[in-house]
Amino acid sequence: MSTFPWLKGHGTENDFVILPDPDGSVHGDLDAALVRFLCDRHAGLGADGVLRVIQGGKQAYVEDGGDWFMDYRNADGSIAEMCGNGVRVFVKYLADAGLIDGKPVRVGTRAGIKEVAQNDDGSLTVDMGEPALPGPAGIVVEAGGHQWPAVHVDMGNPHAVAFVDSLDEPGNLCDQPTWSPGEAFPHGVNVEFVVRRGPRDVQMRVHERGSGETRSCGTGTCAVTVAAARAARDELPVTYRVGVPGGEVQVTWRTDNHLELTGPAVLHARGEFDRAWLGIR
């Protein structure tokens, strides 16, 4: 195949390149150099990550690939377990392409099956599963010359959540914040900086491992909700509004300990790449 199709989409301005590859034959194991090129905002299409769309039964990454499998890669080409904004964009593509009906769809990810429902107002709701708080205690993150205690919340991928007085304090989040103890996150971590706007209402910034500062992070909004609700001693169920630079989402922590993430998804561009342009054979 000399060309391959692509689409662009975003969820609260966390943006992705979508690569339709239903039978898994076009992109093989998805070369990291191709991912980096596609996500390059100067030489490529520009994105925070790549969503490869494969039929659940045609992938070989996990035991249960669901109805459709989301092979997600960070902008630097590295593999990520899950992406809460990405999975909404993923299902938006499936719906617009006529590949699913209006029923909830089981999306396979490296963090397990995520069920996604389409809402009448155009938003999508994702069952993000149960959070884990694996510790250790005493985690400290540092950015912009400041240090804060942080809470480790695992949403299938690791997060360190720090409450700050001002979202300006962390400074430039293009660079990875540091943390201690170093062994707490041997494979890197997403770091969220959070301020409270009111009861059950927070605003955040985030550095995503492998992508830098992004306009939003779906798993991060869930991690922030867990940390904020625990600090406030909220009883379940509880719903938080979580503001991000790219908009706002709603996160509900249910009585069964699952988190539901509700937010928008938009597709805004499509086209084709010629493999000869990329030097790919």
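This is a predicted model: local features need pLDDT of at least 70, side-chain atom pairs count only at pLDDT 80 or more; totals for chains, interfaces and linings use all residues.
1. **The overall count.** The model holds 21 salt bridges. The points below pick out a few of them, then turn to helix H3.

2. **Arg 110 and Asp 71.** These two side chains form a salt bridge, with 2.9 Å between the closest N and O atoms. Arg 110 sits in the loop between strand E5 (105-109) and strand E6 (112-118), while Asp 71 belongs to strand E4 (residues 68-74), so the contact ties together parts that are 39 residues apart in sequence.

3. **How covered is that pair?** Asp 71 has a relative accessibility of 0%, so Asp 71 counts as buried. Arg 110, at 22%, counts as partly exposed; the cut-off for buried is under 20%.

4. Which residues are linked with Asp 71 and Arg 110 in a network of salt bridges? Asp 21, Asp 29, Arg 52 and Arg 73 belong to that network too.

5. **Arg 197 and Glu 248.** Here the closest N and O atoms are 3.1 Å apart, again in a salt bridge. Arg 197 lies in strand E13 (residues 190-198) and Glu 248 in strand E17 (residues 247-253), so this pair joins parts 51 residues apart in sequence. Arg 197 is partly exposed, with a relative accessible area of 38%, and Glu 248 is partly exposed as well, at 35%.

6. Arg 241 has a relative accessibility of 42% and so counts as partly exposed.

7. **The length of helix H3.** Does the span of H3 (residues 218-232) agree or disagree with its 15 residues? At 1.5 Å a residue the helix should span 21 Å, and the end C-alpha atoms are 21 Å apart, so the two agree.

8. **The cover over H3.** Of the 15 residues in H3, 12 are buried. Among them are Gly 218, Gly 220, Cys 222, Val 224, Val 226 and Ala 229. In an α-helix, residues three or four places apart point the same way, because there are 3.6 residues a turn.

9. Arg 233 follows the helix, and its phi is positive, near 60°.

How values were computed:
Residues are numbered from 1 along each chain as its sequence is written. Side-chain values use heavy atoms; hydrogens and water are left out. A salt bridge is a side-chain nitrogen of Lys or Arg within 4 Å of a carboxyl oxygen of Asp or Glu. Helices (H or I, at least four residues) and strands (E, at least two) are DSSP runs, numbered from the N terminus. Buried means under 20% relative accessible area, exposed over 50%, partly exposed in between (1.4 Å probe, protein chains only). The expected span of a helix is 1.5 Å times one less than its number of residues.
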